[in-house]
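Me: I've got a fold open on my screen and I'd like to talk it through. Can you take my questions one at a time?

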Amino acid sequence: MFQQVPLVEMDGMKLIQTKAILNYIAEKYNLHAKDPKERVMINMYSEGLTDLMEMIMILPFTPDPKPKLDNIQSKAKERYLPVYEKALTGPVYLVGGKLSLADVLLLECTLMLEEKFPDILKDFPNIKSFQGRMTQIPAISRFLQPGSKRKPPPDEKYLKNVVEVLKLKLPL
């Protein structure tokens with residue numbers, strides 16, 4: 001539609017725009033809330049996670065990732081993770097006592113962070129426990145297995161392909 005990615009083909013549709021894709025999936029699989037107050041909490045948690053994940057996703061396109069890595073680690077530990085750690089004091093899930101889009105994004109974000117900073121969750125026991133529970137959900141467990149549709153961290157081949165397809169000029 002706008003000649004951009006991400007593009008997801010699902011249910012006979014070509015979906016674009018990250019928020020639109022996430023909202024469609026959340027609606028389809030009942031990962032939204034039962035009322036407007038819960039929905040806004042899910043949206044706020046989700047947006048924070050998306051902000052953090054976007055910082056990680058642009059790293060392969062950065063000529064010198066070291067300063068950005070330091071910034072990501074600092075922001076994750078000081079700004080983002082404490083919010084989720086506090087929210088998970090007691091509850092099994094972030095909002096409404098049931099699995100939501102925010103929970104799925106938190107799991108993916110923590111996995112992305114651990115790929116870059118293996119010990120980052122050591123001071124966040126509630127998040128680490130949450131991550132353990134989430135990975136036990138059968139569909140998620142299957143998705144995290146080798147050979148699944150989960151994409152590996154970007155490598156040089158990925159970078160070259162993205163630059164070519166999107167006709168990007170590096171550095172961004």
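Reply: Happy to. One term before we start: buried means under 20% relative accessible area. Also keep in mind that this is a predicted model.

Me: Then is Phe 61 buried or exposed?
Reply: Phe 61 sits in the loop between H2 and H3. Its relative accessible area is 11%, and the cut-off is under 20%. So Phe 61 counts as buried.

Me: How far apart in space are Phe 61 and Gly 96, C-alpha to C-alpha?
Reply: Along the sequence, 35 residues separate Phe 61 and Gly 96. In space, C-alpha to C-alpha, the distance between them is 38 Å.

Me: Let's go to the strands. In which sense do E1 and E2 pair?
Reply: E1 covers residues 7–10 and E2 covers residues 13–16. They form a hairpin with two residues between them. Over four bridges, the pairing is antiparallel.

Me: Which residue in E2 is the bridge partner of Met 10?
Reply: The turn of this hairpin includes Asp 11, which has a positive phi of about 55°. Across the bridge from Met 10, the partner in E2 is Met 13.

Me: Now the charged pairs. How many salt bridges does the structure hold?
Reply: Side chains of opposite charge can pair when their charged atoms come close. One of the pairs here is Lys 66 with Asp 70, at 2.8 Å from N to O. For the structure, the count of salt bridges is nine.

Me: What separates Lys 66 and Asp 70 in terms of helical turns?
Reply: Both residues are in helix H3, and they are four residues apart. Asp 70 is partly exposed, with a relative accessible area of 37%. Being four apart in that helix, Lys 66 and Asp 70 are separated by about one helical turn.

Me: Which helices does the salt bridge between Arg 39 and Glu 27 tie together?
Reply: The closest N and O atoms of Arg 39 and Glu 27 are 3.2 Å apart. Both ends count as partly exposed, Arg 39 at 32% relative accessibility and Glu 27 at 46%.

Me: On to helix packing. How are H3 and H5 oriented to each other?
Reply: Their axes are 8 Å apart, at an angle of about 70°. Angles of 65 to 115 degrees count as roughly perpendicular. H3 and H5 are therefore roughly perpendicular.

Me: Which residues of H5 make that contact with H3?
Reply: From the H3 side come Leu 81, Tyr 84 and Glu 85. By class, the contact has four nonpolar, one polar and one charged residues. The H5 side is made up of Pro 125, Asn 126 and Ile 127.

Me: Which residues does Ala 87 touch, leaving out those up to four places away in sequence?
Reply: Ala 87 is in helix H3 and is buried, with a relative accessible area of 15%. Its C-alpha is 9.3 Å from that of Ile 127, which is 40 residues away along the chain. With those sequence neighbours left out, Ala 87 touches Tyr 45 and Leu 94.

Me: What is the angle between H4 and H5?
Reply: H4 and H5 are roughly perpendicular to each other. Their axes lie 10 Å apart, and the packing angle is about 110°.

Me: Which residues does Thr 110 touch, again not counting those up to four places away?
Reply: Thr 110 is in helix H4, and at 1% relative accessibility it counts as buried. Not counting residues up to four places away, Thr 110 touches Leu 121, Ile 127 and Gln 131.

Definitions and conventions:
Residues numbered from 1 in each chain as written. Predicted model: local features only at pLDDT ≥ 70, side-chain atom pairs only at ≥ 80, totals over all residues. Heavy atoms only, no water. Axes fitted to C-alpha atoms, helices over the stretch in contact; angles between N-to-C directions. Parallel < 35°, antiparallel > 145°, perpendicular 65-115°, else oblique. Contact = heavy atoms within 4.5 Å. Nonpolar A, V, L, I, M, F, W, Y, C, P; charged D, E, K, R; others polar. Salt bridge = Lys/Arg side-chain N within 4 Å of Asp/Glu carboxyl O. Buried < 20%, exposed > 50% of the residue type's maximum accessible area, 1.4 Å probe, protein only. Pairing = 2+ DSSP bridges.
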